[in-house]
Amino acid sequence: MFTFRHYCVDLHHAPQQPKQDATDIRFADVIIHGNAAFTQVPHIALLGVPQHIGVERNGGRGGAGAAPEAIRAWLNRLTISNGTDSISPNIRIADYGNINTNGKTLEEIHEAQQEAVMQLLREGAFVLVFGGGHDIAYPNGAALGSLGK
């Protein structure tokens, strides 16, 4: 029998690692935010789905809805260079924010997510979706299937 450890991310006590020099490029330094006017389709598109309705429906413990912001907070602190090598300046990474989940049913959220993922895939982006519960895999798969990918 496995024993699961539960971890809680406290963003207020997250380790702060100041930049050592100008070559210490962080993930947050290269992100284009979705509200910006894009002149080109990003290579990588980030999308959050902040909900845990599916978890609760299945008798699980809520809280997964906070995951997209927690993932972004930690991801943005990562260094993407080692002083000599760095992420290619030609790679465009865009964060499209979160699907609006306020007052929506799980089915409505899934539909909105599927439409958003399909649009980003049609444009040629590699889509990374941060959730929420495991149920966010369903609309991602449905988007891929509907596009024949």
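A residue is counted as buried under 20% relative accessible area, exposed over 50% and partly exposed in between, with a 1.4 Å probe and protein chains only. By this criterion, buried residues account for 30% of the 149 residues in the protein chain. The structure is a predicted model, in which local features need pLDDT of at least 70 and side-chain atom pairs count only at pLDDT 80 or more, while totals for chains, interfaces and linings use all residues. Residues are numbered from 1 along each chain as its sequence is written, and side-chain values use heavy atoms, with hydrogens and water left out.

The predictor's confidence in each residue is given as pLDDT, from 0 to 100. The protein chain has an average pLDDT of 78, and 72% of the residues score at least 70. Over residues 1-15, pLDDT stays under 50, and the model has 10 contacts (heavy atoms within 4.5 Å) beyond four places in sequence for this segment. Where pLDDT is low, the predicted coordinates should not be read in detail.

Helices (H or I, at least four residues) and strands (E, at least two) were taken as DSSP runs and numbered from the N terminus. The protein chain contains 5 helices and 4 strands, in the order α-β-β-α-α-β-α-β-α along the sequence. Among contacts between residues at least 6 apart in sequence, 79% join residues at least 24 apart.

Strand pairing requires that DSSP find at least two bridges between two strands. Strand 1 (residues 31-33) runs parallel to strand 3 (residues 93-98) and is joined to it by 3 bridges, with isoleucine 31 opposite isoleucine 93. Strand 3 also pairs in the parallel sense with strand 2 (residues 44-49), over 4 bridges. Within this pairing, alanine 45 has alanine 94 as its bridge partner, and glycine 48 has asparagine 98. Because 5 of its 6 residues are buried, strand 2 is largely enclosed by the rest of the structure.

Helix 3 (residues 67-75) has Ala67, Pro68, Ala70 and Arg72 buried. The buried residues of this helix pack against strand 2, strand 3 and strand 4 (126-131). Phenylalanine 130 lies in strand 4 and counts as buried because its relative accessibility is 11%. Not counting residues up to four places away in sequence, phenylalanine 130 touches Leu46, Leu47, Gly48, Val49, Pro68, Ile71, Arg72, Leu75 and Ile136. The C-alpha atoms of phenylalanine 130 and glycine 65 are separated by 9.7 Å, with the two residues 65 apart along the chain.
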